[in-house]
Amino acid sequence: MTDDTPHIDPPCIMVIFGAAGDLTMRKLIPALYNLKKSNLLPDDFAVIGVARAVMNDAEFRKRLNDEMREFATNDIEPEVWQWLEERLYYLSGDFNDDQTFASLKEMTTRIDSERNTQGNYFFYLATAPDYFAPVVQRLGSVELTHEGDNHWRRVVIEKPFGRDLESARKLNQALKQVLDEHQIYRIDHYLGKETVQNILVFRFGNGIFEPIWNRTYIDSVQITAAEKVGVEHRGGYYEEAGALRDMVPNHLLQLVTLTAMEPPVSFKADAVRDEQTKILHAIQCPSTEEAGRRAVRGQYDAGEIDGQPVPAYHSEPNVAPNSAVETFVALKLLIDNWRWADVPFYLRTGKHLAARDTEIAINFRRAPFVLFRDTPVDRLSSNQLVLHIQPDEGITVRFGAKVPGPILKIGAVDMNFDYEDYFGNTPSTGYERLLHDCMMGDATLFQRADQVEAAWSVVAPIQAAWNSEPAPAFPNYKAGTWGPKEADDLLARDGEEWEQTHDIHKGK
């Protein structure tokens with residue numbers, strides 16, 4: 001028998017720093033609503049929003065009520081929203097002001113008593129990265145991070161976690177002056193996607209795939225995280241980050257580790273994260289010169305998306321007219337272990353590309369051609385398995401089959417599995433699973449300190465290479481295309497090409 005009883009979260013208070021920002025409105029509150037609708041939130045629950053904007057509880061609730069009409073993932077059920085709305089509270093204050101944290105302590109004590117949340121708090125830092133360490137230090141100074149035998153305290157930290165290896169180490173050290181590692185939840189919303197979580201089940205729970213998941217059968221792996229949108233209102237952030245910092249040390253390398261890791265001894269958090277970290281340490285650390293050859297950067301020019309003209313990156317708000325910041329990255333990685341030796345992992349991500357598409361394409365080695373030598377078949381295509389992560393979550397297997405008729409011809413056949421078709425549509429922001437896991441104390445889908453530092457170690461040679469040479473002549477790709485020509489050349493040197501598989505899922 002399977003246990004279908006919902007695992008209801010324990011009583012707790014969620015404190016959101018930066019509660020007046022987009023993340024709270026677009027993702028966190030809709031995610032909490034979905035958790036309540038799924039009967040996963042405890043009745044003894046409350047949310048405290050903290051931000052500089054001057055509001056009282058009633059104004060905060062009205063603002064979120066208005067925003068939910070736009071950002072809810074499904075029709076709003078009045079009784080569910082009323083339940084959540086009456087548990088919303090607000091504190092106006094500056095994150096640099098000690099009084100804010102003294103007031104927060106008084107507020108949590110009062111709400112704790114009113115809502116019977118049993119002293120369990122988790123603090124979500126939906127703030128600019130500069131506030132991560134100061135907020136945690138001030139929480140510690142008023143003993144809001146202190147755990148006891150009968151209550152827990154946790155801190156959720158958004159990306160980017162540092163700008164490079166050195167800054168990530170300094171941030172880890174600052175946090176550990178106040179918190180134990182088990183209290184720190186470094187969040188990556190990509191890991192809230194069902195397909196990402198299903199990678200481990202798919203790999204290790206199916207006897208037809210587990211034995212062939214290695215260099216003997218797999219020729220190459222491609223991981224794409226493409227976006228049709230540009231930087232939009234995030235020009236100021238992007239000028240500081242760029243595509244490499246924004247996407248590679250977290251999202252893309254997380255997908256690499258889940259794809260490449262050895263089977264863990266259990267699904268416990270540290271067992272899974274141990275294996276992920278081993279993969280990061282096994283990724284080749286090339287010289288600065290070689291890293292430059294294995295990495296491509298691009299910046300989008302004016303172009304057309306869905307029939308509408310869009311501006312160049314350097315014409316976006318809060319972007320320097322002569323900016324040398326990349327909006328596209330393509331990489332070749334090699335993993336030096338027994339399972340993956342000589343199997344290239346190609347990664348790419350970018351803004352204003354031809355499609356919104358995140359996927360992992362596993363390309364298998366071709367079968368021997370000898371049987372078909374005296375037939376009209378001139379070549380055999382490789383088999384492919386594609387894990388579609390967004391926007392439509394599912395799995396595609398591509399293989400060859402005989403085309404009906406008297407002449408021997410082979411055509412590509414696609415078998416598609418779609419989550420929605422089999423399991424129905426579950427409205428999701430991608431944060432529900434992560435918030436639920438944090439409340440339950442399951443850190444499997446959150447990054448550990450050594451993972452973060454190992455990921456930045458992978459990126460470090462590329463950063464060094466790009467810092468040692470001028471940027472290419474930007475812009476170097478038109479919006480609405482698949483990036484610069486140099487990204488195609490990166491694979492062409494290995495006799496490969498990018499797989500455009502976004503159009504095969506669900507017959508698109």
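Reader: How far is the sulfur of cysteine 438 from the closest cysteine sulfur, and in which residue is that one?

Author: The closest cysteine sulfur to that of cysteine 438 belongs to cysteine 12 and is 8.3 Å away, which is too far for a bond, given that a disulfide is a pair of cysteine sulfur atoms within 2.5 Å. This is a predicted model, in which local features need pLDDT of at least 70 and side-chain atom pairs count only at pLDDT 80 or more, while totals for chains, interfaces and linings use all residues. Residues are numbered from 1 along each chain as its sequence is written, and side-chain values use heavy atoms, with hydrogens and water left out.

Reader: How many disulfides does that rule give?

Author: The count comes to zero disulfides.

Reader: Is cysteine 438 buried or exposed, and what about cysteine 285?

Author: Cysteine 438 has 1% relative accessibility and counts as buried, whereas cysteine 285 has a relative accessible area of 63% and is exposed. Buried means under 20% relative accessible area, exposed over 50%, and partly exposed in between, with a 1.4 Å probe and protein chains only.

Reader: Switching to strands, how many residues of E12 are buried?

Author: Seven of the seven residues of strand E12, residues 328–334, are buried, so E12 is largely enclosed by the rest of the structure. Strands (E, at least two residues) and helices (H or I, at least four) are DSSP runs numbered from the N terminus.

Reader: Which residues of E12 point which way?

Author: Phe328, Ala330, Lys332 and Leu334 point one way, while Val329, Leu331 and Leu333 point the other way, and all are buried.

Reader: And which strands does E12 pair with?

Author: E12 runs antiparallel to strand E8, residues 295–298, with four bridges joining them, and it also pairs in the antiparallel sense with strand E13, residues 344–350, over seven bridges; pairing requires that DSSP finds at least two bridges between two strands. Alanine 330 is the bridge partner of valine 296, and in E13 the bridge partner of alanine 330 is arginine 348.

Reader: What about the parallel sheet, in which order do the strands come?

Author: Six strands form an open sheet with parallel pairing, in the order E3-E2-E1-E4-E5-E6. Strand E3 (88–92) and strand E6 (184–186) stand at the edges with a single partner strand each, so one side of each is left without a neighbour in the sheet.

Reader: Where does E6 meet E5?

Author: Three bridges join strand E5, residues 153–157, to E6 in a parallel arrangement, and valine 156 stands opposite tyrosine 185 in E6.
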